[in-house]
Amino acid sequence: MIRLFVRLILRPLRAEPVRTLLTVLSVALGVAVVLAIELASDAAAGSFRSSIETVAGEADYEATAVGGLDEQIYARLATLPIAIKVRPRIEDHAVLVDTKQSLPLIGLDLVAHALDRTSASPTVAAKGELILATASGHKAGDTVTLRVNDHDHQLVVRATVPSETSFAVVDIGTAQRLLNRPGKVDRLLIDAAESLEPALKKALPPGITLAPFGARTEENRKMLAGFRSNLVILSYIALVVGAFLIYNTISVSVVRRRNEIGILRAIGMTRSAVLTMFLAEAAIFGVTGILLGVPLGRLMAEGAVGAIGATVQNLYVSSQPGSIALSVAASLKAVLAGLVVTLAAAWAPAREAAAIAPVEAMARGRKDYDTGIRQYRDLMIAAGCALLAYLAALMPPIGRRPLFGYLAAALLVLSAALATPAFVHAATRLLRTLLRKLLGVEGLLASQSLDAALRRTSVLIAALITAVAMLVSVGIMVGSFRETVIQWIDSQLQADIFLRPAVPATADRFPTLSLGIAERVAALPMVAMVDQFRAYSIHFRGLPVTLGSGDANVVRQRGAFKLLEGDPDSAYQAMLNSDSAIVSEPFVNKHGVHVGDVLQLPLGEQIRAIRVVGVYTDYSNERGYIIMHRARLLRYLPDPAPSNLAVYLKPGAAIVPAQRAIEAALADARVLVLPNQTLRREAILIFDRTFAITYALELVAVFVAVVGVAGALLALVIDRRRELSLLRFLGAARYQIRKLILCEAGLIGLLATLGGVILGGVLSLVLVYVINKQSFGWSIQFHVPIAILISALTIIFTATLLAGLYPARVALSLNPIEVIHEE
Amino acid sequence: MSVLQFVDVRKQYPSDSVAVRAVDGVSLKVEVGELIALVGRSGCGKSTLLNLAGAMDFPTSGTVLIDGQSTTGLDDTMLTRLRREKVGFIFQSFQLLPNLTAAENVELPLLLSGGQKARENALDRLARVELDGLGHRYPHQLSGGQMQRVAIARALVHRPKLLLADEPIGNLDSATGSTILELLRRITTEEGATIVMATHSAESTAIADRVVEMRDGRIISPQ
Ligand SMILES: Nc1ncnc2c1ncn2[C@@H]1O[C@H](COP(=O)(O)OP(=O)(O)OP(=O)(O)O)[C@@H](O)[C@H]1O
Ligand SMILES: [Mg+2]
């Protein structure tokens with residue numbers, strides 16, 4: 001059996017090294033992408049706090065409050081007659097000015113820490129001193145400039161702690177001073193037995209949340225699940241495209257060996273042995289592909305982690321991309337996916353091989369590579385799949401996950417694959433005359449040979465159609481999203497100039513401006529109005545949300561106060577005069593909240609009832625916003641420092657001089673003064689960066705498909721060598737043979753592009769109106785980015801055409817005399 | 001003038017140890033309208049000689065003149081042109097393209113050389129080999145004899161001066177074989193075409209104008 005396998009399967013594979021390599025490469029790329037995304041999103045999202053915990057230590061519980069906790073609560077807990085240990089902590093971010101490195105800034109009670117033997121950093125840092133991670137590259141004794149919010153501070157490095165991720169630790173008093181939050185801490189870490197939880201809760205004011213330590217990290221993970229699952233699904237596309245190619249490769253292998261199989265069956269080989277033999281062939285591709293794919297995926301993860309990390313920061317939560325760890329779980333997943341996909345793809349042709357009757361194979365039919373294709377039956381099934389897809393698209397999400405949406409997309413791909421033979425058959429027939437006119441006899445022959453080898457070519461074209469369709473549909477979705485966002489930015493960004501601290505902000509990190517800045521800007525002669533916006537990251541029903549406040553009066557007068565739901569006038573009045581808020585569309589979609597509902601929000605130490613009076617459109621992050629009037633929120637969260645300012649100029653005032661004037665007035669503060677145009681550009685840049693990774697995934701899938709086309713054309717050339725040689729006898733010049741193969745490649749590219757655009761168009765509807773809507777809660781307008789799509793399709797078509805070059809060379813290297821006399 | 005002339009032609013194939021001399025010093029003249037039977041044991045070099053005659057291959061030394069033009073020193077384009085204009089091939093195993101109909105097979109040489117009225121000529125050719133009405137059939141819908149007629153029609157469609165046939169009746173039963181031979185004989189007389197036919201059959205030698213016998217790459221009769 002082994003010897004037979006070597007002779008029948010391995011030897012032919014070795015005889016066609018290029019084709020074997022191309023097939024292996026397609027599996028390898030598929031596996032690599034799956035692994036890369038798995039690893040990169042793990043690294044990007046998996047390290048919210050881990051680096052901090054290693055220095056600062058862990059605890060059983062943590063108490064937090066929106067706007068911070070009063071130090072007195074710390075004192076109150078410490079005097080409770082129960083056996084607990086409480087440590088205060090401040091967590092924020094800062095920038096090391098010399099290296100522009102952004103890093104977590106942690107304030108701890110270092111004296112207490114030093115006494116605590118279990119802590120990893122038994123060092124005391126005095127006022128004006130800090131402890132740095134070795135990753136920042138500084139030594140003890142260095143003086144560093146630390147930018148916190150809008151101010152730079154000189155601090156001396158007291159000690160360094162070995163760590164691959166950067167952070168800075170200061171004493172809690174220093175942190176309060178740097179952040180300008182006197183008397184406040186961000187959280188209290190509490191070591192207490194579980195039985196003491198009720199007592200703790202009783203001792204804390206109702207607005208303070210007591211949660212098991214690390215629960216927040218869990219929440220973040222939960223929030224990222226949707227984002228991750230979409231990315232993961234995209235990452236499987238290349239593997240699916242690879243599956244078509246494995247199917248094709250094994251089919252070719254079976255078709256070529258029909259005779260041999262018949263003979264072997266006749267002399268006593270069992271069906272299951274035949275089946276095993278071809279599955280083993282697929283396994284060879286699978287295993288070799290995996291062996292190559294795993295290290296490749298590890299490498300690709302390096303490239304992907306930055307992009308994914310940026311997206312996570314922009315849309316969800318600040319996290320420091322951790323180092324990439326080739327985890328067993330992730331590797332196992334990729335290996336399993338690779339094996340399952342290859343074996344599943346090989347199953348049908350292997351079964352077919354096993355079903356070959358000894359007599360049938362030996363009395364070999366005429367059209368030998370066109371066996372077992374039932375176009376009309378397949379077309380019917382395709383129609384059925386399309387119908388099911390339509391029904392699935394109408395179904396609601398399951399637990400905020402658009403599972404039926406994915407199903408609809410998968411069914412559509414299946415439907416397209418099943419309809420491809422009929423499509424190719426009809427198209428080649430229809431195009432035949434045209435091709436003959438345009439390209440001469442080579443065009444005619446190319447269309448005929450594609451049709452004659454329909455089974456092979458349609459699998460190939462289906463693979464390429466899938467890849468192209470994914471590119472087109474994701475392109476349309478991202479394009480629609482982009483267009484929507486641009487329009488939204490245009491209507492939303494009404495102010496002339498924006499101000500914010502010159503430190504990075506993320507979806508959950510809102511550095512504040514110093515007090516007085518707003519007033520100094522407002523006092524400038526050309527400034528008409530200044531809106532102060534403040535944001536807090538809070539938790540609502542177990543998920544992170546952004547709570548913000550702005551001046552409803554300013555927005556009403558100068559900004560955009562449009563609502564999707566609710567009446568603007570009454571909403572405005574309600575916001576001014578009562579505990580009311582407007583919320584963003586993603587918030588509504590996430591929490592099922594409507595106008596009129598009352599939200600119980602922990603604000604400061606108390607829980608407040610806030611009524612929802614309107615829903616507005618927002619695309620800036622996926623967490624969702626709750627927006628209150630500034631004056632109302634200040635009652636409960638009295639910290640007046642704004643996160644950013646929107647400056648409205650007097651009519652006729654020019655922007656550039658105003659920007660200069662503001663910068664001059666605020667020369668002592670580290671703030672960014674951004675004209676409207678710059679902010680817009682920045683927003684779009686962030687948008688584009690966010691989706692760069694999806695494009696990269698699509699391109700890999702297309703690349704896999706093109707590699708497959710090259711491999712399959714090569715097989716086609718080898719199997720038609722007799723025909724190609726005969727043409728030479730009949731007077732075909734070498735260039736005509738090359739042209740013929742290139743025509744075939746071009747025709748494959750053309751049909752795939754055509755089919756891909758059709759399927760992609762339909763898929764984009766599912767993406768825009770079902771999957772995106774259900775998983776992110778954004779309504780986006782349909783928009784086709786024609787220029788981008790056309791250039792992408794041109795590139796794909798050209799690549800497919802070029803994929804014919806090597807097979808054409810092989811066709812030309814055939815010796816017609818030898819081939820004709822082989823018989 | 002001779003349609004085909006071999007002047008001391010040698011063809012060697014590099015082999016593991018000694019080079020195989022498939023054609024070893026052949027000189028031959030074939031005149032217009034002749035039907036020549038090329039005979040000899042298997043491996044004596046008949047096919048090699050035909051390939052040289054059809055400008056499919058170059059001699060190692062010596063000169064092959066097709067209609068007065070030497071094949072030596074021609075590039076692929078010129079060889080292809082020579083083949084298109086002057087030579088038609090017939091094979092033992094017919095070598096029809098299975099995905100093309102009979103008529104499409106026949107018009108193929110014209111299409112490849114960019115000729116006009118391909119379909120018309122093809123149908124006319126098919127009629128002349130007594131296959132009128134079968135042009136739309138695919139090869140697998142034809143009998144062996146019919147397939148070889150299609151092949152002959154294809155070999156003649158561009159009116160070549162030289163028809164090269166490598167065991168044209170080798171795959172046919174004797175009755176069918178005879179009709180094919182008759183057809184070839186008729187073609188030489190009616191169309192003035194010249195045929196060089198490698199063969200093993202006695203019947204073929206019987207209808208030939210001249211029998212050329214080969215052994216070990218050399219012509220042994222008539223000298
Ligand atoms: N490509 C090649 N490489 C090496 N030797 C070759 C090659 N082609 C043919 N030969 C050798 O050249 C000699 C002549 O071969 P050729 O095919 O011309 O014989 P033939 O007379 O046509 O035989 P048959 O009647 O069996 O068809 C043979 O010995 C053959 O082995
Ligand atoms: Mg021979």
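Predicted model: local features only at pLDDT ≥ 70, side-chain atom pairs only at ≥ 80, totals over all residues.
Residues are numbered from 1 along each chain as its sequence is written, and chains are lettered from A, with ligands numbered from 1, in the order in which they are written. Local features need pLDDT of at least 70, side-chain atom pairs count only at pLDDT 80 or more, totals for chains, interfaces and linings use all residues, and side-chain values use heavy atoms, with hydrogens and water left out.

Me: What makes B:Asp76 and A:Arg728 a salt bridge?
Reply: The term asks for a side-chain nitrogen of Lys or Arg within 4 Å of a carboxyl oxygen of Asp or Glu. Here the N to O distance is 3.0 Å. The pair therefore qualifies. The count between chain B and chain A is one salt bridge. Over all chains the count comes to 48.

Me: Why is the pair of A:Asp451 and A:Arg429 called a salt bridge?
Reply: Its N to O distance is 3.4 Å. That meets the rule, so the name applies. A:Asp451 sits in helix H16 of chain A and A:Arg429 in helix H15 of chain A, 22 residues apart.

Me: How do you know that chain B is in contact with chain A?
Reply: Contact means heavy atoms within 4.5 Å. By that test, 26 residues of chain B are in contact with 25 residues of chain A. The two chains bury about 2700 Å² between them, 62% of it on carbon and sulfur atoms. Buried area is the accessible area (1.4 Å probe) that two parts lose on being put together, summed over both. In chain B, B:Gln95, B:Asn99 and B:Leu112 lose the most area to chain A, together 23% of what that side buries.

Me: What makes a residue pair across this interface a polar contact, and how many are there?
Reply: It needs a pair of N or O atoms within 3.5 Å; within protein, one must be able to donate a hydrogen and the other to accept it, and residues adjacent in sequence count only if both atoms are side-chain atoms. The rule finds eight residue pairs across the interface, both residues at pLDDT 80 or more. Helices H1, H2 and H3 of chain B each give two or more residues to the side that touches chain A. The largest share, six residues, comes from H3(B).

Me: How do you know that S7 and S8 of chain B pair?
Reply: Two strands pair if DSSP finds at least two bridges between them. Strands are DSSP runs of E, at least two residues, and helices are runs of H or I, at least four residues, both numbered from the N terminus. S7(B) and S8(B) have five bridges, in the parallel sense. So they pair. One of the bridges joins B:Asp166 to B:Ala198.

Me: Why are S6 and S10 called the edge strands of the sheet in chain B?
Reply: The order is S6-S7-S8-S3-S9-S10, with mixed pairing. S6(B) and S10(B) each pair on one side only. On average, neighbouring strands are turned by 25° against each other, direction ignored. Angles run from 0 to 180 degrees between N-to-C directions, with axes fitted to C-alpha atoms, for helices over the stretch in contact.

Me: What makes S9(B) and S10(B) a pair?
Reply: Three bridges join them, and they run antiparallel. The rule asks for at least two, so they pair. B:Met214 stands opposite B:Ile219. Two residues lie between the strands of this hairpin, where B:Asp216 takes a positive phi near 50°.
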